Amino acid sequence: MSLRELQERIEHIKRESQEALQRCRSVKDCEGVRVTFLGRRGKVTTLFEYLKDLSGEERPQAGRLLNELKSHIEAQLEARAYQLKAQELEEQLQKERLDVTLPGRAYRLGTLHVITQTLREIYRIFQQMGFEVYQTREVETDEMNFQLLNIPPDHPAREMQSTFYTTTPGVILRTHTSPGQIRVMRERCPEPIRVILPGKCYRYEQITPRSEIQFTQVEGLAVGRGVRMSDLKGVLTEFARQMFGPETAVKLRGSYFPFTEPSVELDIRCILCEGRGCRVCKGTGWLEILGAGMVHPTVLQNGGYDPEEFTGFAFGMGPERIAMLKHRIEDIRLFLGNDLRFLEQFG
Ligand code: DAH
């Protein structure tokens, strides 16, 4: 190839590359153009091979022209790529436009379940009196749930607590939190104990406005040397006053539980009618709040404590009942019904 022909080719390639760059629609297209002209097998690169055909005088001039072509195309490429990049960015900004003046979408916070709130209130009151919160299991053995609590297999008290059985013989869902008493005693013996045991319980019963198959209980247990009935009365009176108001009148009424002796129930003056008698207190003026008593010697013994040396008191309450009285809730099924209109009232 002569120098002249080479010069014509250079001019041709210049125009060709210019047109190719004009056709580019994206930075990626520009990369294609670069490969076509400046790549290892590109149109400009291969032109360098013709230098050897030229005479010694022509060669430096031709070399210079080729190098100029190469830098020219490089510069054009860079300019076009820059232009396209700016264009792409502009398009993207238009497309993804953000209207910062639009009102924000409020993030809705949930609320604690009313039973969780009630439990926390119970914890707060008993922690003030030196009680520790102790968590124990919901799946229990028949032995823990009944036998060690002085409820033998044929005891009529089992009738009061219809049980959910598992497929494993002797393993049940606990019907009350009382089996936790045995577990704490066996773990802590011979240390003194002051704990509350909160948690879910299960009973195989008809679901009605007054009873659910799943519910919550909070058990209390104090064991030590010289723990007396008057300690129980003091603790429960303080609890009732903090929970239902400082003027709340309380009374202990004799009752029966197999795991306490003597056994009592705590009544408070009806918080709805203040004792005049209404539908909720069934005209008596009093509301039943919890069961309690002095821990039966046999139960102390089952926990590892010598009843000659140690005494204790225990109590068990239902947070659902407490929440129902405090908030005038008439149907226990609402707690697990997941109706937000109900739950949101306790924000
Ligand atoms: N476990 C009883 C129940 O579920 C409640 C109870 C009564 C617990 C008296 C006690 C207690 O610790 O002393 O009905």
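Residue D267 sits in strand β7, which runs over residues 260-269; strands here are DSSP runs of E, at least two residues long, numbered from the N terminus. The model is a predicted one, so local features need pLDDT of at least 70 and side-chain atom pairs count only at pLDDT 80 or more, while totals for chains, interfaces and linings use all residues. Residues are numbered from 1 along each chain as its sequence is written, and side-chain values use heavy atoms, with hydrogens and water left out.

D267 is buried, at a relative accessible area of 4% (buried means under 20%, with a 1.4 Å probe and protein chains only). Its side chain makes a polar contact with that of R253, at 2.8 Å. A polar contact is a pair of N or O atoms within 3.5 Å; within protein, one must be able to donate a hydrogen and the other to accept it, and residues adjacent in sequence count only through side-chain atoms on both sides. Beyond the neighbours within four places in sequence, D267 also touches W286, L287 and E288, among others (contact means heavy atoms within 4.5 Å).

Now to the ligand. It has 16 residues around it, and H176, S178, R203, Q217 and E219 are the closest (a residue counts if one of its heavy atoms lies within 4 Å). This shell splits into 5 nonpolar, 9 polar and 2 charged residues. Strands β5 (214-224), β8 (286-295) and β9 (311-317) each bring at least two residues to the shell.

Methods:
Helices (H or I, at least four residues) and strands (E, at least two) are DSSP runs, numbered from the N terminus. Buried means under 20% relative accessible area, exposed over 50%, partly exposed in between (1.4 Å probe, protein chains only). Ala, Val, Leu, Ile, Met, Phe, Trp, Tyr, Cys and Pro count as nonpolar, Asp, Glu, Lys and Arg as charged, and the others, Gly among them, as polar.
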